[in-house]
Every structure is written in C-alpha cells, then in structure tokens.
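Dear colleague,

Please find below the structure I am handing over to you.

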Amino acid sequence: MNFQRHRRLRRTDSMRSLVRETHLHVSDFIYPLFFVEGENVKNEVPSMPGVYHLSLDLLEEEVKEVVSLGIQSIIVFGVPDQKDDCGSSAYDHNGIVQKAIRQIKEIAPSLTVIADTCLCQFTDHGHCGVIENGYVVNDETLKLLAKTAVSQAEAGADIIAPSNMMDGFVAAIRQGLDEAGYTEIPIMSYAVKYASSFYGPFRDAAHSTPQFGDRKTYQMDPANRLEALREAESDIAEGADFLMVKPALSYLDILRELKDRYPLPLVAYNVSGEYSMIKAAAINGWVDEKSIVLEKLISMKRAGADLIITYFAKDAARWLKDNQ
Ligand code: PBG
C-alpha cells in the first residue's frame, strides 16, 4: 500500500514539539493599558472583564506586575476628563497619556512604551479627527496628529502608533517627529484597520463611540483585500517601521498576505470584541479559556504576525510559564 503516515510525527508530546512550526513567547505580546484622571480609580470595563481603567496612583503596581511577567511592551490609551471638538487634551503636555508615559518610564525604563496616537478618545464628538460639515477632514487632522505624536515622544514614548486612518498620517507624523528631533522613534502604523463591529467593547472602555455617523469614511470595508495592500504600500512609502492589521481573528488572511509581501515587522491587534466574546463564553463555562486563548494567539502567529496586541497578555504570560 502506498500512503503517507503523517501520524508518525504526532505520536508523543516530545515528537510533536520537535516538529512544531510556530511558537508563542511572552515577548510576542503587547499589553494595552487604559489610564484615567482621579485617585484610587480601578474601574472594570463592564464589557471587558479583567480590563480596568486605572488612575495614575495605581500605575506603579500594574506596571511592576506586567514587567514581572516578562512582558516587554505595553500600549497606552488615555480617557481624559475634558473633551472638546479638536481633541486638545491629546496633545497637552499634561494630558493623561503624557503623564502616564512619564511615570511608566520612571518606574520601568526598559519597558517599551507604545503610544496609541489618535483623537477619538479626546474629541467630544468621538470621531478620530476634526469635523467640518459632518465630515472628518483629512489634512487639518494630520496637523493635530503630528502634534500629538511629538508630545507623546517628548513624554518618553518609545514607539508612536497612529490609529486614525487619515491619508498621509505616517508621512505627517514622520515629518513632525524628525523636525522635533525624534528621528530615532519608530512608527507602528495601524496600516490596515477595518471599520469593525469588534471594537464595540473598546469604545465603551475609551468612551469613544462616535456621536453621529460611523467611521466608514476613514476605516476600511471588511470586504476588501486589495485595498489593504494599497494602504500598506502607502504607509511603507511614507516611512512606517511596523505594519499592523486590526482586528486580527477575522483578518488572518490579510496578515498572511502582508507578511508574504512586505519585509516589515507585522503586528496583529487582537481587539476588544475578540476578547469579550471569549471571556463571556468562558465565564459561562462554554469554552476552556486557557486552551482557546492560546490556540487563537498561535493562529495569529501562524498567519504571519510577529507581535500581538492583546488584553490576554498577562494571562497568556502566566499560562506559558505554567506550561514550561
Ligand atoms: C481608535 C481605536 C480603536 C481601537 C483602538 N484605537 C477603534 C475604534 O474605535 O475605531 C480599538 C481597540 C479594540 O477594540 O480593542 N483610534
């Protein structure tokens, strides 16, 4: 009989580990943190069990835990007290993100701090840019975005991660950073960001739901693949150092395609809705949380992600340690 015995390589644990093609490591993870004004605030986001809004006096404990788990990098979001039509607290020297970054760098200088660079958490209308006649205007928004990036770099951010999907945002930020002397600060572009329903729980967390309309004039149509390549290509041409695909799970094909085509480090954003769905099912006892989370994280790496932004980073770091 002529057939292949694939099962030979699956016979024992040790044999399976010899031929394993993809590995998860704690250094693959980027952990998102949300900071708010106030004192002694630790509010759980209702739709994201295990994810908190933290005030800055509780930052040290959190950062030390992250570091002790071996996590190398965090991405910082801020929820300000004051919002206005142009998101001015996004580029305020004493904005919540700037204050958080300064504190983190003091406590953990070697932790890589990524600043999410966007306006939607800071605008009273919840859009990611400046509004004129009900439309988010591109070029006016770029100026504010570049200003935000520079103030985050000034505060000590190691990486700038622009997420608002304006055209030319990488070029504008690169120019802004370079002119301010931050030539060594890389840009992690949310190059391919879909207008996704999977962001719902994050918008609860960041209080950034648009007050009118939606984000479909700047974020991408989930039906499109070639458009993702155009977005990635223009960001590379403008000087992006990392590319990101967001969300991750429903877009594994896009991750693979970008990895095959472009020689840049690739990041998958395992977004809030992807987190909440698993959490909800786990709390109900319908799935085994640990094994399902590790399976989905490895699927993102197999699809081509080098790094994964995930709310499961701390849990996954613990589970990987236990498995050793
Ligand atoms: C917006 C932004 C979004 C997320 C991070 N920054 C999405 C959006 O509201 O459009 C989503 C993250 C998540 O869902 O986990 N600049």
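Glu62, Glu65, Lys314, Asp315 and Arg318 are joined in a network of salt bridges. Please note that the model is a predicted one.

Within one helix. Arginine 16 and aspartate 13 form a salt bridge through their side chains, with an N to O distance of 3.0 Å. Both belong to helix 1 (residues 13–18), and because they are 3 residues apart there, about one helical turn separates them. Aspartate 13 is exposed, at 58% relative accessibility, whereas arginine 16 is partly exposed, at 33%.

Between a loop and helix 3. A salt bridge connects glutamate 37 with lysine 99, and their closest N and O atoms are 3.0 Å apart. Glutamate 37 sits in the loop between strand 1 (29–36) and strand 2 (42–44), while lysine 99 is part of helix 3 (residues 96–107), so this pair ties together parts that lie 62 residues apart in sequence. Glutamate 37 has a relative accessible area of 25% and is partly exposed; lysine 99, at 24%, is also partly exposed.

Between a loop and helix 8. The side chains of arginine 225 and glutamate 257 meet in a salt bridge at 2.5 Å, N to O. This pair links distant parts of the chain, 32 residues apart: arginine 225 is in the loop between helix 6 (200–206) and helix 7 (226–238), and glutamate 257 is in helix 8 (residues 252–261). Arginine 225 is partly exposed, with a relative accessible area of 39%, but glutamate 257 is buried, at 16%.

Yours sincerely

Conventions. Residues numbered from 1 in each chain as written. Predicted model: local features only at pLDDT ≥ 70, side-chain atom pairs only at ≥ 80, totals over all residues. Heavy atoms only, no water. Salt bridge = Lys/Arg side-chain N within 4 Å of Asp/Glu carboxyl O. Helix = DSSP H or I, 4+ residues; strand = E, 2+ residues; numbered from the N terminus. Buried < 20%, exposed > 50% of the residue type's maximum accessible area, 1.4 Å probe, protein only.
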